[in-house]
Amino acid sequence: MSIFKTLREKPWDAQVAAAGNAVAVAPIDPQGAARIALRFIMAIVSVLFLLFIITFLSRSQYPDFQSLAGQPWQPFTDPTRLWINTGILAIASLAMQFGLASARSAHLNRAIVGISSAVFFSILFLLAQLDLWQHLYALGFYVNTNPANSYFYVLTALHGLHMMGGLIVLANVVFRVWYDGSPESLSGPLQLCTTYWHFLLGVWLVLFALLTSRPETINALAAMCGF
Amino acid sequence: MYLVIALVLLVVGSLIFHWWSPWWFTPLASNWSTIDTTVNITLYITGIVFVAVNLFMAYAVFRFRHKADQRSKYEPENKKLELWLTGITTVGVVAMLAPGLVVWADFIDVPEEADVIEVLGEQWQWRYRLPGADGQLGEVDARYISQANPFGISPNDEAGNDDIIVDNSELHLPIDRPVKVLLRSKDVLHDFAVPQFRVKMDLVPGTVSYVWFTPTRTGKFDILCMELCGIAHYTMRGHVVVDEQDQFDAWLGEQPTWAEIQDIAPGDTLAGQGLYTVCGSCHGQQGEGNAAMNAPRLAGLPDWYVERQLHYYKAGIRGSHKEDIYGQQMAPMAGVLVDDKAVRDVTAYIASLEAQTANRTLAGDPERGKSHYTNCGACHGAEAQGNYALQAPTLAGQDDWYLKRQLENFRLGIRGTHEQDNYGHQMVLMARSLQNEQSIDDLMAYLSSL
Amino acid sequence: MQHVAIADQTEELHDPHSFITKYVWSQDHKVIAIQYGGTAIFVGLVALVLSGLMRLQLGFPESFDFIDPSAYLQFVTMHGMIMVIYLLTALLLGGFGNYLIPLMIGARDMVFPYLNMLSFWFYLLSVIILLSSFFVPGGPTGAGWTLYPPQAILEGTPGYDWGIILMLASLAVFIIAFTMGGLNYVTTVLQARTHGMTLMRMPLTIWGIFTATVLGLLAFPALLVSAIMMMLDKLIGTSFFMPALVSLGENLDYTGGSPVLFQHLFWFFGHPEVYIVALPAFGMVSDVLATHARKNIFGYRMMVWAIVAIGGLSFIVWAHHMYVSGMHPAFGFFFATTTLIIAVPTAIKVYNWVLTLWQGNIHLTVPMLFAIGFIFTFTHGGLTGLFLGNVVIDLPLSDTYFVVAHFHMVMGVSPIMVLFAAIYHWYPLMTGRMFNVTLGKLHFWFTFLGTYAIYLPMHYIGILGVPRRYFAMGTTDFIPESAQTLNASITVSALIVGMSQLFFLANVFWSIRNGEKTGHNPWGATSLEWQTPDVPPKHGNWGKELPRVYRWAYDYSVPGAKEDFIPQNHPVTKEEQTGGEHEEKA
């Protein structure tokens, strides 16, 4: 691991010093900073969801917890609606990837098609999630009736908020590129947005798996975590 | 230079303070002398490090203070020295940790022969439950908790019937017998702490935690709540009395079982009306009170409060303080009620009297009084309607001259300082947050306005 | 991305001209740092006043009519929360992090200046929300800074309604602000270091701030999670943390939640938070010590490793705050062990600071006095931590004044000693003028001796068994009367220390105009921030060209060199190289 090697350097040593002078002259990569920031953002968001998931597993071991799947009358025993939403989000992610590939090969029109369909499907996903909320509400699964419901609403809401944050950034990127009239600089920022979209898809898949787990699966996971 | 002197003086001063100080752990009254030993081991190791590091630093500052022709030594690191220091530190840490872990293993391993008792905490009182003849505590659930069933004992569990209920804050324990204390809370976090026993543990609503110890010394010790539990946290006190076995058995015999408590018949209003005639001569036939006779209004007071006060008067818990002139008048009158049934009957009658509006005799600023009342309202209710769960009587409708006198009595320790007055001591502590007469008058003005 | 360019730009930047863009909506890291610092010190003063009021009640009970049990708990809570989050975290990272990172690593600014500006405004918003809770019905929350449910959101606790909601909202906004700032700090350190500034050439200040920021970024989400869940429990009636309970005689609708779960989340944030405060302080004090002892920091590599190790370990010690919380007692073994392990790298840091003084050439300047004072207070506070971390000793001591004394020593007084050291040390850089030395020394002596007079006796009050968060002790069978005398003396010391901060404020404000002009590098420091072309540094920091770094940050008293310091941007001379190697072989 190079970081351990770095940490063993003796900075006062004359030879190391000479090496240092030679190495670190590389110019700063403007995309590099944004990429690092994105990595940190994804790490922070992962920690956020991970902590929610851990508390979910811990909370699931109390007797009043009734998971949302497993019995015929529970809404996610038949996860069709969730699959549809997942499909929509996956299409958005693919569209981003398509847009990025087009931007890289300087097909501006195709890139615009990719980005706009990504935006369209992302918003559609959010609306579908909202509809899912209403569906659950109509079935009488309110936020405070059971902790499993509370977690469902909280986790989907947070995921949706992160999606909206992504949309704002994407809008900013597109607007700036258009405003600057430099489409060739699109692919860099777009790359980061695409990564973020894939990341959100990944988060959603984890949440999906968790929310539709049967009690046995949840109990097994909780046991693995020591609850 | 001053700094060197200051550092040396601080080190020496700390040591002197430590040895000279009369302030140290209160004498132990349980089996946990091992905890004290662990404390001492840590104290000596850390003490040596504290003295060594700081004196060395003082010496370094003294010896290498700036001089015109002086130059520092250029020494980026010294691996050998650093490894040695790391090694020594590790040894010190292990020497502190190892005994700690051994004692902790004892702490979480409850002896099988330990007696089991339950401590129930709630804002801001302690209650206790001991298993009856069957040696088992009955099941409980927060859902069953009500005025009649403060412990929430399940009606479906036979084992609960012979449970011994201690409905006050004084717990007795036999000496030299290990006890496992189950800790349960009705509402928020509390912490069961007896400094003489050294061990403590939080009470967590929704779960049962525990702590175990063996009392090794007879005496009466304070129980303190040590986890912040709201406005009156600091008044949440109790006592544990460690007895010889025969004294303990005698005490245990006096405590009612859950079945006995449930069997108590409610008071008879009609019989109470007859008994009330005597009371009425001072308190008025409608219970309206009489300022000239210094007799407070009784109408509107809840039955549980009147009953408790009558018991207190009869038992000398209230009205026995030599400066409590009016209480001393009341005490023999309460003695007229021959038994518990008579008390319940007259109480039932008083509770049936219609609530009235209070007379206002004091001038105060109700706005300022309102801000004082925030603290009172936590127990007595936002409308001063009283709250059984906190044993806090109704204040609305009571005459202000009476309330004022009681507050002053609490402040001066004339009322509420008897050691069996379980709730009075809370009022003693609370009343002392009102520092002057004006504050009391303002508060009274607010209460009259309710 | 255009905004990245500022850090990277090679040509000189010009100051924005209008007052608004220069001082209010500024994107200059130095202005933002001062905005952060000023706001933090302002709320810190509010918290200082609150602590004075608390001490008045404890030292002289039954004397102050306006301090009632609710008010007392509100003072305790707001004092704690403000000091930990809104003062220390904000001042160390938002203030010093912002000021020093670009200067010390040779960048023109943070890589995302706009985000940096937003960070400050969100911070200000969080402070305003927090302070507004003093003016809502019921007042601020009085649940203790740990905000433990169920009591934090139930009747019977001051501010259970508006107060707690505003507190949680303020924390959420603060976390957003911190995240925006924090992303900047880590990215700037990783991306915008100037030519030749390798990681191991960075001053320890940067290592401390960097590691603390990473901890913060990963730990604050835990606080956010618990805040969101508690807010829902309060507002919508979910049962994340709320079990079935009977509050003041009323059966509530909650079922089955776990209050201990909140504590786990809170301390998963709360313990790293201790190091979020401590690590930047460790770093800055190292640089102050090295500069004023005219000696390289002893064992630089070990210091870096210790910072990283402490940062990593800080995530697996949290439950040592919960030994008596009713969690599974077997956790005690694990957490006591990890907690005491963390003592080893911490002790190494202390040894290395002291060894830095050894064979140095110690100038007892005001910053140096504070730095040495820090070593003393930190040693004391660290050692009492070994009592509380060792699980069985925590049984008698937890929730007593011993805990209060310990954490004030270790994360109150110690970081504040460093903050003062740092403010005095970098004051000539920030203003171009020297502070008044006499006032500075007075400030040091009152603060150093005064705080020790507060906290040493407080440990003994705790050992007696006096519980914390008690409005009044009343009578007990085990606390001697003399404890009250001790409490009164603590209060007197506290008031004196509190008042003596006026020396500091007066000094800071007076010297901005009247201090002696210092010019470049008055302390003869090697690190890059002192090598700017202008003092105080202008927008863009470096004039026409970015500096080039040729050596580590601690070339003090290098044998054979003319001066007793060689700045980082001075090229290595031929003679020096051979001389250095010669030294190495010998």
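Does C:P61 count as buried or exposed, and how many C-beta neighbours does C:P61 have inside 10 Å?

Author: Happy to! This is a predicted model, in which local features need pLDDT of at least 70 and side-chain atom pairs count only at pLDDT 80 or more, while totals for chains, interfaces and linings use all residues. Residues are numbered from 1 along each chain as its sequence is written, with chains lettered from A and ligands numbered from 1 in the order in which they are written.

C:P61 counts as buried because it has 20 C-beta neighbours inside 10 Å. The cut-offs are 20 or more other C-beta atoms within 10 Å for buried, 12 or fewer for exposed, and partly exposed in between, with C-beta atoms placed from the backbone. You will find C:P61 in the loop between α3 (29-59) and α4 of chain C; helices here are DSSP runs of H or I with at least four residues, strands are E runs of at least two, and both are numbered from the N terminus. C:P61 and C:M202, 141 residues apart in sequence, are 51 Å apart in space, C-alpha to C-alpha.

Now for the core. A nonpolar core is a set of buried Ala, Val, Leu, Ile, Met, Phe, Trp, Tyr and Cys residues joined through C-beta atoms within 7 Å. The largest has 369 residues, and those touching the most other members include B:M57 and C:V354. Helix α4 (residues 69-105) of chain C contributes the most to this core, 25 residues. Leaving out residues up to four places away in sequence, B:M57 touches B:L7 as well as C:V354, C:L357, C:I372 and C:I375; contact requires C-beta atoms, placed from the backbone, within 7 Å.

Chain B also deserves a visit. Its secondary structure comes to 13 helices and 10 strands. Its radius of gyration, 29 Å, is well over the 22 Å of the globule rule for 450 residues, so chain B is more spread out than a compact globule. That radius is taken over C-alpha atoms, and the rule is 2.2 Å times the number of residues to the power 0.38. Buried residues make up 45% of the chain.

One helix to look at in chain B is α7 (residues 303-315). Its buried residues, among them B:V306, B:L310 and B:Y313, pack against α8 (325-335) and α9 (340-352) of chain B. After α7(B) comes B:G316, with a positive phi near 75°.

Key
Two residues are in contact if their C-beta atoms, placed from the backbone, lie within 7 Å. The expected span of a helix is 1.5 Å times one less than its number of residues.
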